[in-house]
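Q: Hi! I have a model open and would like to talk through how it is put together. Could you help me look around?

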Amino acid sequence: IASFFKTTTIIDFLRAAKLWSKIEQWCDSSQSGNIGKKIKNTLMHGLSHDECCTINSKFRRTFKENNEDGDNNNDKGRGLWALQAIYAFHGGQQSYTDESSIFRGLFGGYSAYNNIVCTGLLNLRDSERMSSGDQFRPDRDDYIPIACSFNHRHVGFFELHIPTGHVMLHNSERILAVPSLPPSEDEGEEEKNNVRHDAVLVWLEEFASRLSNGLVSVERMFPTEDITESVVLYPTIHDKRMLDLSSISGNNGQPQQIPVVSRAVTRGVEVVASSVYVAGSRMYVYSIRVRLLTPQDEDYVTPEQRGFHTCQLRSRHWTIVDADTNSIDEVRGDGVIGLYPLLREGGYRYDAGNAAEDLGPSGPDMEGTFGYQSCSGPVRGSFGGWLQFVPGSLNNPKGDEFNVRVAPFALNNEPDFIF
């Protein structure tokens, strides 16, 4: 204990205790589905200061240099203080052993088409191994990997910059600073000197808060595969943040406040939509979640009122607004990524085909909400449009086609946090 508090602060220690308590409570709650307990089982035991230094050469070298200088409180190792407080409770996650373990990454991720990205909190042994591997260059000596994104291969690292404490995102193409929090009006001397030793704590505190407040969800990355259940980073309807575009002049008559998550209901069909900015690739992945409301839901209408018991997707029409250039891009097509879900109350049929007039055999019957993910270019602005449905089914229509609104949601390439 004595050696620990020479190299961290009691405030950092208490903050780490609080954030881990939130994460553990979430793992034990029904909110976490089946994945919560699996994630909790991957969390390793806490590490002492001496264990951190024994396992990881960057801890060992940094604090050895401080000891040789006779000052454990100089700036050389300040970036490791907060990280050490985090590892005092859980020393990262167990190493991935197979493809299914990828989905147990604490930070979760997203999917688009057949690609998935899922991020786990590295333990110090894996961090040491990755620091000395081909993924790291010699000029990265002041950085320590703390989390890694996987897509059946390493695709990116979150790193801690030891001298400043900044959290960075590093992939094969570029290195990006990960926003931690806006600068305060009464920032101290450390912040003025570009040192923020607690940035990793701020980063993990924000994620713990998003988990506990239901701002991210638990879903299957691939709807038909149970093993792909994971934390999914697309913001949920509980996220009430707005993207402020008021500083942009001449925004083509578009709203100046765009919700991070949009919701619209048309004839009993609910659409919830949101996006995640993929900073390393400078693009967005977005999620469109569609369901036929049930009697327990707000805005429910009966089959008699809406005019059908089931309805099936025929086509889509997207309107993508670039607020910086005032340009509007219109995209039209059949279905969504080759899918034509047939909605019923409480679930859907997972139909697929080459075109609306060329469906394959009926797909599996699924419970819950139909969701699909895709990607979009790096504009700042909004994404919306409509989905065209047929009452009944495409093969047996029971009325005229109708449009279901997809309310505009934000495309924000400057998010407050990146995970």
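Q: Which residue stands opposite Phe409 of strand β23?
A: That's Phe383. One thing to keep in mind as we go is that this is a predicted model.

Q: OK, and how do β22 and β23 pair, parallel or antiparallel?
A: Antiparallel, over eight bridges. Here β22 covers residues 381-391 and β23 covers residues 402-411.

Q: What about β14 and β22, how many bridges there?
A: There are 11 bridges between β14 (residues 311-322) and β22, and these two strands also run antiparallel. If you want a pair to click on, Cys311 stands opposite Pro391 in β22.

Q: How many residues of β22 are buried?
A: 10 of its 11 residues, so the strand is mostly covered.

Q: Let's go to the nonpolar core. Which residues have the most contacts inside the largest one?
A: Phe59, Trp203, Val269, Ile288, Leu387 and Phe389, in a core of 88 residues. Helix α9 (residues 199-212) gives the most to this core, with nine residues.

Q: Pick Ile288 for me. What does Ile288 touch?
A: Leaving out residues up to four places away in sequence, Ile288 touches Val271, Val272, Ala273, Trp318, Phe370, Gly371, Tyr372, Leu387, Val406 and Phe409.

Q: Switching to helices. What is the span of α2?
A: From first C-alpha to last, α2 reaches 27 Å with its 19 residues, close to the 27 Å expected at 1.5 Å a residue.

Q: Which residues of α2 are buried?
A: Asp12, Ala16, Leu19, Trp20, Ile23, Trp26 and Cys27. They sit on the same side of α2, because they cover an arc of only 115 degrees around the axis.

Q: Which exposed residues are on the face of α2 turned away from its buried side?
A: Ile11, Leu14, Lys18 and Gln25.

Q: What do the buried residues of α2 pack against?
A: They pack against α3, α6 (78-87), β2 (115-121), α9, β7 and β8.

Q: Let's follow α3, then. Which residues are buried there?
A: In α3 (residues 35-42), the buried ones are Ile35, Gly36, Ile39 and Thr42. Those residues share one side of α3, because their arc around the axis is only 125 degrees. Elements covering them include α2 (10-28), β7 and β8 (229-232). On the other side of α3, Lys37 and Asn41 are exposed.

Q: Why does Asn41 count as exposed?
A: Because its relative accessibility is 57%, and exposed means over 50%.

Q: How far apart are Asn41 and Arg104?
A: In space, 9.4 Å from C-alpha to C-alpha, while in sequence they are 63 residues apart.

Q: Last stop, β7. Where is Ser217, and is Ser217 buried or exposed?
A: Ser217 is in strand β7 (residues 217-220). With 16% relative accessibility, Ser217 counts as buried.

Q: Which residue does the Ser217 side chain make a polar contact with?
A: The side chain of Glu219, at 2.9 Å. Not counting residues up to four places away in sequence, Ser217 touches Ser230, Val231, Val232 and Thr236.

Note on methods. Residues are numbered from 1 along each chain as its sequence is written. This is a predicted model: local features need pLDDT of at least 70, side-chain atom pairs count only at pLDDT 80 or more; totals for chains, interfaces and linings use all residues. Side-chain values use heavy atoms; hydrogens and water are left out. A nonpolar core is a set of buried Ala, Val, Leu, Ile, Met, Phe, Trp, Tyr and Cys residues joined through side-chain atoms within 4.5 Å. Buried means under 20% relative accessible area, exposed over 50%, partly exposed in between (1.4 Å probe, protein chains only). Helices (H or I, at least four residues) and strands (E, at least two) are DSSP runs, numbered from the N terminus. Contact means heavy atoms within 4.5 Å. A polar contact is a pair of N or O atoms within 3.5 Å; within protein, one must be able to donate a hydrogen and the other to accept it, and residues adjacent in sequence count only if both atoms are side-chain atoms. The arc is that of the directions from the helix axis to the C-beta atoms. Two strands pair if DSSP finds at least two bridges between them. The expected span of a helix is 1.5 Å times one less than its number of residues.
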